[in-house]
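Open the model in your viewer and keep the selection panel at hand. The stops below are meant to be taken in order.

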Amino acid sequence: MKSLKLLLVLFLVVLPFAAGAGQTEKKAKTIDELVEMYDSSGCKDCHAEIYTQWEKSHHARPLMGVKGGLMLTPLATKGATAFSPDDPQRATIKNFPCFKCHLPQALISAEDSVAVELAQALVAQDATKVAKLRITCTVCHNARAIIHKRELGEPEKGVLYSSKKDIDAHPDKTFTKVKKSAIMKNAIFCGQCHGLGPNLEFDQPFQCANLYGSYLHSYIPAGGTHTCQECHMKKGDHVIAPNFNDDKQTSELLAQAISLDVQTLGYEWLRKAKDYTPKVVVNTKITTTAGHRIPDG
Amino acid sequence: MIVTAKSPDGTEIGKAERHYHPQATNCRDTKMKYGAQWKVANLRDTSLQPYQTKADTIEFDLPAGVRTAEVTVDLVYQAVNPDNSYPIHSVTNTVTLDR
């Protein structure tokens, strides 16, 4: 009887953990737990400038839209979208397909209870709580750093991936190593989220950014050779402009990429004998050198 | 792009707009949608394309007695809604029929 009990304990308690090592990571039950799991605030100790740039970026407020708009509110509002739950209390991760890009760590590491808490925060318009959810350093520099998973495996725990070089002893308690990512300098790295077109893999398709599709199908065929990073992350800038909360900088960036030529003409048009119509003609030509359609995201 | 023509006394005598952006529906009806959670696919795309020039011609007939107009072309980027605009270029030309 005693050995039967022991066997039962082994079967119920020990085996699931052994089998799940590396696969069944503990998931966050609350927004705060998820924030803690992907907390990158320690990065600023050594990378202060980059961290400050990131804090100004849309990556630091992926659920806040432009100028503080809680853009996911319809997803938490009954009947507003096909994804919205009838009751925020019953929200699941599946009610937030936007997590694919706007909070990828939620798909990896969050229980449905995080979706409930977020839905409730959105209904309550609790911007402070929603703003906690950010695409932190570790999302790009770990979770999204490898796409050739059949060849290169999953991103390793405790490893940060960089566009530059391997570092065997990275002075951080959690991320003790840096490995060079195969894709971090390539446009496809950004293309993981800055989309191809309709997201048809969901049970209800939706379309967010088309930007990478535009890059591949318009910019590259037109002879473009730059990567996203070469234009939007010059010298490693992690604001990754545009920052639509910064009107001046956004206008300047757009003016760099877009030219406007205006030609005007005044004359009297003769429609029929003796019937002149004074007319102004305005000819405009707008040209863009951006690596994608404008607008897109 | 907003093109405005004004007479010398400042009266607006003409206004035209051109909108350059992808336009999507939910593929179930013909209404354009804003917002990723409602859009499914583009059905028209008037946006600015890489290395391509978007050319437009806008004409205004001048009212009787007006022979000079100040024409302003404002190119703006609008994010989320038309009230949230980022000026890109503004060009003003004075056009006169008198020589």
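The tour goes from domains to aromatic rings and then to cysteines.

This is a predicted model, in which local features need pLDDT of at least 70, side-chain atom pairs count only at pLDDT 80 or more, and totals for chains, interfaces and linings use all residues. Residues are numbered from 1 along each chain as its sequence is written, chains are lettered from A and ligands numbered from 1 in the order in which they are written, and side-chain values use heavy atoms, with hydrogens and water left out.

**Domains.** Select chain B and colour 1–18 + 56–99 as domain 1 and 19–51 as domain 2; these bounds come from an automatic or database domain assignment. The C-alpha centres of the two domains of chain B are 27 Å apart.

**Aromatic rings.** Over all chains, the structure holds 10 aromatic pairs (Phe, Tyr or six-membered Trp rings with centres within 6.5 Å; stacked under 30 degrees between planes, edge-to-face over 60, tilted for the rest). Select A:Phe96 and A:Phe99: the ring centres lie 5.1 Å apart with planes at 20°, so this pair is stacked. Both A:Phe96 and A:Phe99 are buried (under 20% relative accessible area; exposed is over 50%, partly exposed in between, with a 1.4 Å probe and protein chains only). Next, select A:Tyr212, A:Tyr215, A:Tyr219 and B:Tyr51, which ring pairs link into a cluster.

**Cysteines.** Zero disulfides are found over all chains (cysteine sulfur atoms within 2.5 Å). A:Cys137 is in none, and its nearest cysteine sulfur, in A:Cys43, is 3.9 Å away. A:Cys137 is buried at 16% relative accessible area. Finish at B:Cys27, which is exposed at 51% relative accessibility. Its closest cysteine sulfur, in A:Cys208, is 16 Å from its own, too far for a bond.
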